[in-house]
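Here is a short note for your first look at this structure. Keep the view open and find each residue as you read.

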Amino acid sequence: DARRAALADVDPPEPRPEDALVAVRAASLNRDEVNNLSRAAPGWRPGWDLAGEVVRSPADRLGPEAGTRIVGLVLQGAWAEQVAVPRDWLAPLPPDVTFEAASTLPVAGITALRALRKGDQFPEKRVLVTGAAGGVGRFAVQLAALWGATVTAVVGSEERGAGLADLGATQVSVGMPSEGAFDLILESVGGESLARALDLLAHRGVVVSYGVSSGSSTTFDPGAFFRKGGTRLVGLLLFEDLRHYGSADLDLVQLVDLLHRRALDPQIGLDVSWHRASEAFEALLQRKVKGKAVIRID
């Protein structure tokens with residue numbers, strides 16, 4: 001419930017030796033964290049994505065110096081004036097990349113990047129992206145096209161599909177396509193959408209599942225799945241992945257470079273002050289935001 005979120009004075013963050021203390025200038029919203037508002041315990045501090053300036057460098061002196069503009073992510077607490085960010089979960093920003101644009105990158109951008117990497121080589125690959133109108137989907141469409149894939153973007157309505165062709169989608173499909181053989185499918189809907197994705201896989205194709213926006217379980221025929229030969233269904237949970245590999249900085253550096261070179265569009269669909277955050281929460285939950293919603297810490 002978005003009404004459960006409110007601005008409040010809290011104790012300042014206590015950085016660990018490997019953490020930089022950051023003054024947050026902008027934060028982007030993700031559907032899962034906004035959904036978590038309805039079941040959060042009192043006093044929980046939400047927020048994953050952030051961009052801002054380093055106030056104090058890590059005590060171990062291995063991180064960015066004070067005054068460095070950065071983008072990063074945390075397990076919680078990004079919707080704040082200050083937050084402690086692990087040095088391996090942030091990257092520096094060039095002067096011409098805005099905090100608002102940078103803040104869209106961490107969760108959505110890294111999820112898209114790591115999901116696409118599951119597909120190995122990209123030239124001439126056939127890639128299908130479900131939930132393509134969302135934050136992860138829009139980054140996935142752009143990155144896949146940039147790397148030479150033929151991209152089919154799946155959306156829930158014609159209105160939601162507007163602009164995806166400009167981002168690199170060869171085809172925009174309202175609902176799952178009736179036919180096709182795809183080498184890589186990025187699946188965020190679950191339920192019947194995931195079952196259909198398994199049907200649409202090519203020989204040795206891969207489905208990467210990273211969301212269940214439908215809230216539905218999936219039933220499929222495993223025989224039809226494995227008889228295609230070499231097909232895979234892979235689960236991707238970003239924060240578990242980050243903890244396993246220990247860092248996000250190289251991914252963020254790559255995404256920031258693409259943003260800096262204007263090879264990647266942040267697709268900001270809503271940009272408001274954090275004093276109007278509840279409006280952004282409601283718009284995101286009602287699927288009225290095309291792309292990313294950003295709140296400015298002002």
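1. The model is predicted. Keep that in mind for every value below.

2. Start with helix α8, residues 238-245. Its buried residues are Leu238, Phe239, Asp241 and Leu242. They lie on the same side of α8, because they cover an arc of only 155° around the axis. Turn to the other side of α8: Arg243 and His244 are exposed there.

3. What covers the buried residues of α8? Strand β3 (69-73) and α3 (105-117) are included in the cover. Just after α8 comes Gly246, with a positive phi of about 85°.

4. Now the salt bridges. The count is 12. One of them joins the side chains of Arg87 and Asp60, at 2.1 Å from N to O. This pair links distant parts of the chain, 27 residues apart. Arg87 is in the loop between β4 (82-86) and β5 (90-92). Asp60 is in the loop between β2 (49-56) and β3. Arg87 has 22% relative accessibility, so it counts as partly exposed. Asp60 is partly exposed too, at 27%.

5. Look next at Arg296. Its side chain meets that of Asp271 in a salt bridge of 2.7 Å, N to O. Arg296 sits in strand β13 (residues 292-296) and Asp271 in strand β12 (residues 268-273), 25 residues apart. Arg296 also forms a salt bridge with Asp298, at 3.2 Å. Asp298 is partly exposed, with 49% relative accessibility.

6. Finally, a network. Salt bridges that share partners join Arg114, Arg117, Asp241 and Asp251. Recall that Asp241 is one of the buried residues of α8.

Definitions and conventions
Residues are numbered from 1 along each chain as its sequence is written. This is a predicted model: local features need pLDDT of at least 70, side-chain atom pairs count only at pLDDT 80 or more; totals for chains, interfaces and linings use all residues. Side-chain values use heavy atoms; hydrogens and water are left out. Buried means under 20% relative accessible area, exposed over 50%, partly exposed in between (1.4 Å probe, protein chains only). Helices (H or I, at least four residues) and strands (E, at least two) are DSSP runs, numbered from the N terminus. The arc is that of the directions from the helix axis to the C-beta atoms. Contact means heavy atoms within 4.5 Å. A salt bridge is a side-chain nitrogen of Lys or Arg within 4 Å of a carboxyl oxygen of Asp or Glu.
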